[in-house]
Amino acid sequence: MKICIITNYIDRGYVNELLILNNLTSTLNLQQKDIYSVSDVNLSYSVNKNYTHVLVLLDFKITSLLSITPFLDNISIPKIFVVDTIPEIHKDIDIDVLNHYNFKSNSTYNYLSKNSQNLLYNNYADALIFYSNLDFDVFAKHYEISDKKKVTIIPPSLGKEESIVFNSTFFKSNNNIGFNGIPSFNNGFGHLIGSLASLPDYSLNIYGKHGRSPFTTQPLINNATSVHPNIHFKGQLRNSSNFYKNNHIYANIGIYNSFDLPTLYSMINGMVPIISPNLPISEFLPNYPFISNCDYNEIIKTIKQIKNTSDVDLKDILHKEVNNIKFLNDNFLKEKYYFFLNSL
């Protein structure tokens, strides 16, 4: 078996998506030459000649099938689509935000229509992989695919099993809350910023990029940093060790988003995440105590709950949860990929 990846992530500058892509190449022992841009149709001949299976990872902000189908039409080997998120939900959130804040603009979330999405999955995907059961359940509510199409759940890897060990070195109780990703409304920042405004003793340190919808994200963060002295936008994260050492709580309190690797890495390295039950990673931490809905009062309540938990108990909680996600390792997940691909 020889696997490659075709994607439109290249040069997008995302945080979590590129981290997942990089980890996937490591899990499957791929090299940079095994990743192909879907925009270069000529490369499709190399894919057919040199590989037995192709994984298709597509950013959901595709506006035309013509940007990807010429490449896919030429592929004669099995095409397995890895589906991480549903664009309709992102657009619904964007519309709600625009209406709530009286923005005089239509949604900037342009994407394939539901009919086109159905056509893409039914006509081009030989099988589908999802990161969680929650992702598949949401997908099934929006799209209709053939019952004969094979589907499986394979979450992203956190790396080698020996590296998935709780590291208490960076653990340090303080009032700093960190985040690395897209500080958007769908990631809960509309509510999180309001909570921090009521907790002046806490600081929110935001790393990452404005993401797919800068029209709403940039005003949100620019206003927050100018009005609230305890909210800071730091730009792209350059030093993960300093991030883990300087921040005590990790904020992942979204309304809807994909499987978030930075949250789990923060837990491994001594930060205490607040996690929304709406998000896929909550499925893999069923007994984690610091779960919060994307709600102003719930967020404040959970932050205070962490504050009132002793360091000894916090370390014990993190240690147990990291042990529970040790199965998210390269060897175990590689076997899952190979078993599934061999079944096609």
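**Close-up views of the nonpolar core and aromatic pairs**

**View A. F243 and Y250 in a predicted model.** Both F243 and Y250 are buried. The model shown here and in the other views is predicted. The ring centres of F243 and Y250 lie 6.2 Å apart with the planes at 80 degrees; the pair is therefore edge-to-face, as angles over 60 degrees count as such.

**View B. The aromatic cluster that includes F243 and Y250.** One aromatic cluster is formed by F170, F179, F189, Y207, F243, Y244 and Y250. In the structure there are 18 aromatic pairs.

**View C. The aromatic pair of F81 and Y121.** With 6.0 Å from centre to centre and 80 degrees between the planes, F81 and Y121 make an edge-to-face pair. The two residues are 40 residues apart, and their pairing links distant parts of the chain: F81 belongs to strand β4 (residues 79–83) and Y121 to helix α5 (residues 114–124). F81 and Y121 are both buried.

**View D. The largest nonpolar core.** This core has 106 residues, of which L55 and F81 touch the most other members. Helix α10 (residues 261–268) contributes five residues, the most to this core. In soluble globular proteins, nonpolar side chains tend to be buried together.

**View E. Surroundings of L55.** Leaving out residues up to four places away in sequence, L55 touches I3, C4, I5, I6, L24, L28, I80, I129 and Y337. L55 is, with F81, the residue that touches the most other members of the largest nonpolar core.

Notes. Residues are numbered from 1 along each chain as its sequence is written. This is a predicted model: local features need pLDDT of at least 70, side-chain atom pairs count only at pLDDT 80 or more; totals for chains, interfaces and linings use all residues. Side-chain values use heavy atoms; hydrogens and water are left out. A nonpolar core is a set of buried Ala, Val, Leu, Ile, Met, Phe, Trp, Tyr and Cys residues joined through side-chain atoms within 4.5 Å. Buried means under 20% relative accessible area, exposed over 50%, partly exposed in between (1.4 Å probe, protein chains only). Helices (H or I, at least four residues) and strands (E, at least two) are DSSP runs, numbered from the N terminus. Contact means heavy atoms within 4.5 Å. Rings of Phe, Tyr and Trp (its six-membered ring) pair if their centres lie within 6.5 Å; planes under 30 degrees apart count as stacked, over 60 as edge-to-face and the rest as tilted.
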